[in-house]
Each structure stands twice: as structure tokens, then as C-alpha cells.
Amino acid sequence: MSVQQEAEVGGEALEVWIDQDLCTGDGICVQYAPEVFELDIDGLAYVKGSGEELLQDRGATTPVPLPLLTDVVDSVKECPGECIHVRRVSDRVEIYGPDTE
């Protein structure tokens with residue numbers, strides 16, 4: 001992922017993370033935003049870091065690139081495992097995801 005402007009809501013930078021305990025491995029997130037998500041050999045989805053590496057630490061986050069915000073939000077909405085979370089960086093409040101309902 002090249003250096004891109006990060007998505008903001010109300011002037012706040014956003015980040016995304018996946019709860020692998022809930023991931024069903026369907027890969028819908030990868031279909032929507034392959035620049036942000038990837039399935040690993042374990043069959044679960046992970047977010048990618050700036051160098052395309054998978055961030056496999058529990059709760060690892062990556063910035064949401066502004067051009068991909070819609071794709072990431074669509075991933076959140078379509079995920080059967082309800083395991084994708086988008087939150088503000090500043091206060092870690094979830095903006096999109098299962099904890100916003």
C-alpha cells in the first residue's frame with residue numbers, strides 16, 4: 001500500500017482491525033479491499049501494514065486509506081462473522097462495525 005491520505009470522519013483519522021476469534025474466513029473483506037485485507041494460510045483474514053505484510057498480532061490495526069473507505073465500510077457491512085471494526089484513532093471509538101449497533 002503506498003502512502004495515501006488516511007480516511008477521516010469529522011477530521012479524525014480512522015483505523016481498522018479484525019477480531020480473528022470471530023472471523024469465518026469467507027474472504028469477503030479481501031474481495032472488497034485487497035489493499036487492506038488478506039487471508040493467511042490459517043484461513044483467517046488479517047489487516048495489512050504499510051509494507052503489505054500481514055499484521056497478525058491480536059488487535060493489530062492499520063490506517064484506513066481515504067480512497068478505500070467505502071470498500072472497507074462495505075466489508076464491515078457484508079462480513080458474515082461481524083469481526084471487522086473501524087474506529088477513530090484518537091479515542092478508539094468504533095465508527096463502523098458490530099459494536100456500533
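Predicted model: local features only at pLDDT ≥ 70, side-chain atom pairs only at ≥ 80, totals over all residues.
**View 1. Strands S3 and S4 form a hairpin.** Helices (H or I, at least four residues) and strands (E, at least two) are DSSP runs, numbered from the N terminus. Strand S3 (residues 37–39) and strand S4 (residues 45–48) run antiparallel and are joined by three bridges; two strands pair if DSSP finds at least two bridges between them. Look for Leu39, which stands opposite Ala45 in S4. Five residues lie between the strands of this hairpin, where Gly43 takes a positive phi near 85 degrees.

**View 2. Strands S4 and S5 form a hairpin as well.** Here S4 and strand S5 (residues 54–55) run antiparallel, with two bridges joining them.

**View 3. Gln20 reaches the backbone of Ala45.** You will find Gln20 in the loop between strand S2 (12–18) and helix H1 (28–32). Gln20 counts as buried because its relative accessibility is 16%; buried means under 20% relative accessible area, exposed over 50%, and partly exposed in between (1.4 Å probe, protein chains only). The side chain of Gln20 comes to 2.8 Å from the backbone oxygen of Ala45. Leaving out residues up to four places away in sequence, Gln20 touches Leu44, Ala45 and Tyr46, where contact means heavy atoms within 4.5 Å.

View 4. Phe37 and Val16 are 21 residues apart in sequence, and their C-alpha atoms are 9.7 Å apart in space. Beyond its neighbours within four places in sequence, Phe37 is in contact with several residues, including Val16, Tyr46, Val72 and Ile84.

**View 5. The largest nonpolar core has 20 residues.** A nonpolar core is a set of buried Ala, Val, Leu, Ile, Met, Phe, Trp, Tyr and Cys residues joined through side-chain atoms within 4.5 Å. Val16, Phe37, Val72 and Ile84 touch the most other members of this core. S2, S4, helix H2 (69–78) and strand S7 (84–88) each give two or more residues to the core, and H2 gives the most, with four. In soluble globular proteins, nonpolar side chains tend to be buried together.

**View 6. Helix H2 has a buried side and a face turned away from it.** Leu69, Val72, Val73, Ser75 and Val76 are buried in H2. Down the helix axis, these buried residues fall within an arc of 150 degrees, so they line one face of H2; the arc is that of the directions from the helix axis to the C-beta atoms. The face turned away carries the exposed residues Thr70 and Lys77. Among the elements covering the buried residues of H2 are S2, H1, S3, S7 and strand S8 (94–96).

Definitions and conventions: Residues numbered from 1 in each chain as written. Heavy atoms only, no water. Polar contact = N/O pair within 3.5 Å; in protein donor to acceptor, adjacent residues only side chain to side chain.
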